[in-house]
Amino acid sequence: MRSLRIKVTCGAEDPERCNQAFTVAAMAVASGADVGLWLTGEAAWFGVAGRAEEFSLPLAAPLADLRDAVLAGGQLTVCTQCADRRGITAADVLPGVRIAGAAVFTEEILGDGVQALVY
């Protein structure tokens, strides 16, 4: 099975696209794939405690549940520059969430057998 790296570039301002990225990531984890979900732009806030719990989209799985599924079986990463722009530090993110930059994302997506998706 290929590895999957998903970058979500929006947050609550585009709830359907944001939720789709989390849903695909959580389903890929459930399927046994090696999954990394990258939170960029306004999605960076969902690496912080309490933020995903505030997100609501009718007829969609709770974002916090999807996030927790990714954390349980995959990797959740907040973009370094996006975190810096928002004043998010390593002390602010949930346990298991890392902050990393474009060099790490590029290294991951250029690996053999990796599929990258951007939402």
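A salt bridge here is a side-chain nitrogen of Lys or Arg within 4 Å of a carboxyl oxygen of Asp or Glu. Arg17 and Asp14 meet that criterion, with their closest N and O atoms 2.7 Å apart. Please keep in mind that this is a predicted model.

Searching the whole structure turns up seven salt bridges. Three of them, including the one just described, are set out here.

| Salt bridge | Closest N and O atoms |
|---|---|
| Arg5 and Glu108 | 2.8 Å |
| Asp14 and Arg17 | 2.7 Å |
| Arg98 and Glu108 | 2.4 Å |

Now to Glu108, which forms a salt bridge with Arg5. Glu108 sits in helix 5 (residues 102–109) and Arg5 in strand 1 (residues 3–8), so this pair ties together parts that are 103 residues apart in sequence. Both Glu108 and Arg5 are buried.

Glu108 also forms a salt bridge with Arg98. Here the link runs from helix 5 to strand 4 (residues 97–100), where Arg98 lies, and the two residues are 10 apart in the chain. Glu108 has a relative accessible area of 17%, so it is buried, while Arg98, at 25%, is partly exposed. Through shared partners, salt bridges join Arg5, Asp34, Arg98 and Glu108 into one network.

Key: Residues numbered from 1 in each chain as written. Predicted model: local features only at pLDDT ≥ 70, side-chain atom pairs only at ≥ 80, totals over all residues. Heavy atoms only, no water. Helix = DSSP H or I, 4+ residues; strand = E, 2+ residues; numbered from the N terminus. Buried < 20%, exposed > 50% of the residue type's maximum accessible area, 1.4 Å probe, protein only.
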